[in-house]
Amino acid sequence: MTDYIIRELYKEEIPLLDDFLYNAIFIPHGYKEPVPRDIIYTDSKVYAFIKDFGTRHDDCCLVAEVANKVVGAVWARISDGYGKIDNKTPSLAISLYKEFRSQGIGTALMKSILSLLKSKGYNRVSLGVNKENYAVRMYEKCGFEIIGDGDDESEWLMVCKL
């Protein structure tokens, strides 16, 4: 297992969220073409996860660092992005570079952000996830439950009660 630390995102690292957001986009089985990178700016529900991040009181982000390099991030905010339930529940995004997946880092990031959100007084947190995404199992292990379809029929809307 890789040695890593989990810490808060530094202000000067906010631009890294663009790359992590792009890497968080799940590509379903059989999809031939890569998703255009500009989707993170042109799809308003995707862009909502990074637009002016760090300027709202509810914005929070944790990162995983390996050998002084940020290799993963999990962040939450109240926005109109995928996974939105209401204007009081933050929605999550999580992403790890491929070579750092399946090592427990994502689970550690998720558990850390859930603890942080609970300490900030939130009662629950939500996320949207493609139904084919293997990460659904990790989310369930961290306490998320499927509450229905997300913004389209290929997506689950999941909630974790804090």
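This is a predicted model: local features need pLDDT of at least 70, side-chain atom pairs count only at pLDDT 80 or more; totals for chains, interfaces and linings use all residues.
**View 1. Strand 3 sits between two antiparallel partners, strand 2 and strand 4.** Strand 2 (residues 60–66) is joined to strand 3 by 7 bridges, and Glu-65 has Val-70 as its bridge partner. Look at the turn too: strands 2 and 3 make a hairpin with 2 residues between them, and Ala-67 there has a positive phi of about 50°. Strand 4 (residues 91–96) pairs with strand 3 over 6 bridges, with Ala-73 opposite Ser-95.

**View 2. Arg-7 and Glu-13 form a salt bridge.** Their closest N and O atoms are 2.6 Å apart. Are these residues buried or exposed? Glu-13 counts as buried because its relative accessible area, 13%, is under the 20% cut-off. Arg-7 is buried as well, at 12%.

**View 3. Arg-37 and Asp-19 meet through their side chains in a salt bridge.** The N to O distance here is 3.1 Å. Arg-37 is in the loop between helix 1 and helix 2, while Asp-19 belongs to helix 1, 18 residues away in the chain. Arg-37 is partly exposed at 38%, and so is Asp-19 at 22%.

**View 4. Lys-131 and Asp-149 form a salt bridge, with 2.7 Å between the closest N and O atoms.** Lys-131 is in the loop between strand 5 and helix 5, and Asp-149 is in strand 6, so this pair ties together parts 18 residues apart in sequence. Lys-131 is partly exposed at 30%, as is Asp-149 at 45%.

Key:
Residues are numbered from 1 along each chain as its sequence is written. Side-chain values use heavy atoms; hydrogens and water are left out. Two strands pair if DSSP finds at least two bridges between them. Helices (H or I, at least four residues) and strands (E, at least two) are DSSP runs, numbered from the N terminus. A salt bridge is a side-chain nitrogen of Lys or Arg within 4 Å of a carboxyl oxygen of Asp or Glu. Buried means under 20% relative accessible area, exposed over 50%, partly exposed in between (1.4 Å probe, protein chains only).
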